[in-house]
Amino acid sequence: DSGVTQTPKHLITATGQRVTLRCSPRSGDLSVYWYQQSLDQGLQFLIQYYNGEERAKGNILERFSAQQFPDLHSELNLSSLELGDSALYFCASSVGGADTEAFFGQGTRLTVV
Amino acid sequence: GDSVTQMEGPVTLSEEAFLTINCTYTATGYPSLFWYVQYPGEGLQLLLKATKADDKGSNKGFEATYRKETTSFHLEKGSVQVSDSAVYFCALRRNNAGNMLTFGGGTRLMVKP
């Protein structure tokens, strides 16, 4: 158990809908990262938050947004869903700063039908 | 931009066989290099890492050496077990760029008894 909790584990929704994925980082970790794992794109970095502030952005679509709350949990919001958004979404957390290990949650599998 | 290339799988081996999974990278500066493992239905776990040239990371019988001259970080294990069956990801992190990871496409390893 990595200590990173993601909910829900599975999500099935229709095209055009909006969903929210939740991540609780390990106790004491200030950084949260979101990654998308899909068959065609592999594992891609989406976005990072550090202590409530956006720190870095990767290949995140404009239809997607994220935030980190004062209790350090994070939510990834996906809207106007398309079939191609079906993927495994991972959250990872780290203490923050250079050379700190990132611990991954078990992921949320999103299926858009 | 940064990129990681690893051999495509699946790699199928018999128990006690020697394992090599090739990984090469492209990045500016001096990234840290990682191998992560993903067991079925689970998140990614850090297997080993190396933070500078000629460093050797090792864990659970796996090892990889950071070769700057060939920009490589090949994963090896002398004698694989059925329990090593998983997907292995090579990744890099540029240490002055927010700590996000850039992953290779993953290599599925299947070990048969």
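A: Strand β4 (residues 31-38) of chain A is mostly covered, with 8 of its 8 residues buried, where buried means under 20% relative accessible area with a 1.4 Å probe and protein chains only, and strands are DSSP runs of E of at least two residues, numbered from the N terminus. This is a predicted model, in which local features need pLDDT of at least 70, side-chain atom pairs count only at pLDDT 80 or more, and totals for chains, interfaces and linings use all residues. Residues are numbered from 1 along each chain as its sequence is written, chains are lettered from A and ligands numbered from 1 in the order in which they are written, and side-chain values use heavy atoms, leaving out hydrogens and water.

Q: Which residues point which way from β4(A)?
A: Ser31(A), Tyr33(A), Tyr35(A) and Gln37(A) point one way, while Val32(A), Trp34(A), Gln36(A) and Ser38(A) point the other way, and all are buried.

Q: And what does β4(A) pair with?
A: β4(A) pairs in the antiparallel sense with strand β5 (residues 42-50) of chain A over 8 bridges, pairing being counted if DSSP finds at least two bridges between the strands. A hairpin through 3 residues joins the two, and Val32(A) stands opposite Tyr49(A) in β5(A). β4(A) also runs antiparallel to strand β9 (residues 87-94) of chain A, with 7 bridges joining them, and there Ser31(A) has Ser94(A) as its bridge partner.

Q: Switching topic, how many helices and strands does chain A have?
A: Chain A has 0 helices and 11 strands, a helix being a DSSP run of H or I of at least four residues.

How values were computed
Buried < 20%, exposed > 50% of the residue type's maximum accessible area, 1.4 Å probe, protein only.
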